[in-house]
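Reader: Please show me the model, and then let us go through it residue by residue.

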Amino acid sequence: MMDTFKLRVARPTRSIEQVVRFYRDGLGFSVLGGFEDHDGFDGVMLGHPGAPYHLEFTVEHGHEAPRSPSEDNLLVFYVPDRAQWEAWVRRMVAAGFSAVPSRNPYWDMRGKTFEDPDGYRVVLEQAEWRA
């Protein structure tokens, strides 16, 4: 039954253009859709086609979204294949993003952490995910 569920992670952003550059150009996400002036909001959906998740970022007209309240707000992507993980890290660096030290040092043991334009962080963990 759970395989029929899809996950959307939605949050405001200060700049759709900057957040698209981070997730599309850096992480290789695709723009899956978007909207303009939907009841005062603009938005974009980013993800990997066919994946059971995607991210939605919105800008509310006349309102500036706050930065992340903590350096420990994370999206963690487990990448078991070392070559694929290295390619993701190289892509982030080539797009102009530098790894930052993780607030929780656990993530630095086998991963790299990158901070998006709103202060939210993404960890690329070179490991198999285990429940």
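Author: This is a predicted model, in which local features need pLDDT of at least 70 and side-chain atom pairs count only at pLDDT 80 or more, while totals for chains, interfaces and linings use all residues. Residues are numbered from 1 along each chain as its sequence is written, and side-chain values use heavy atoms, with hydrogens and water left out.

Reader: Is T58 buried or exposed?
Author: The classes are buried for under 20% relative accessible area, exposed for over 50% and partly exposed in between, with a 1.4 Å probe and protein chains only. T58 has a relative accessible area of 14%, so T58 is buried.

Reader: Where is T58 found, and with which residues is T58 in contact, leaving aside neighbours within four places in sequence?
Author: Strands (E, at least two residues) and helices (H or I, at least four) are DSSP runs, numbered from the N terminus. T58 is found in strand 4, residues 53-60. With contact meaning heavy atoms within 4.5 Å, and leaving aside neighbours within four places in sequence, the partners of T58 are R11, P12, T13, F35, F41, D42 and G43.

Reader: Is S68 buried or exposed?
Author: S68 is found in the loop between strand 4 and strand 5 (74-78). Its relative accessible area is 15%, and therefore S68 is buried.

Reader: Which residues does S68 touch, not counting those up to four places away in sequence, and which backbone oxygen does its side chain reach?
Author: Not counting residues up to four places away in sequence, S68 touches N73, D118, G119 and Y120. At 2.7 Å, the side chain of S68 reaches the backbone oxygen of S70.

Reader: What class of accessibility does L32 fall in?
Author: L32 has its place in strand 2, residues 30-38. Leaving aside neighbours within four places in sequence, L32 is in contact with M45, L46, G47, P49 and H54. Because its relative accessibility is 42%, L32 counts as partly exposed.

Reader: How many Å apart in space are L32 and P49?
Author: In sequence, L32 and P49 are 17 residues apart. C-alpha to C-alpha, the distance is 7.4 Å.

Reader: With which side chain does the side chain of H48 make a polar contact?
Author: H48 is found in the loop between strand 3 (41-47) and strand 4. Not counting residues up to four places away in sequence, H48 touches L27, G28, F29, Y53 and W88. A polar contact is a pair of N or O atoms within 3.5 Å; within protein, one must be able to donate a hydrogen and the other to accept it, and residues adjacent in sequence count only if both atoms are side-chain atoms. At 2.9 Å, the partner of the H48 side chain is the side chain of Y53.

Reader: Which residues in helix 1 are buried?
Author: Helix 1 covers residues 16-26 and is followed by G28, whose phi is positive, near 80°. The buried residues in helix 1 are I16, V19, V20, F22, Y23 and G26.

Reader: What pattern does the protein follow along the sequence?
Author: The protein has 3 helices and 7 strands. Read along the sequence, the pattern is β-α-β-β-β-β-α-α-β-β.
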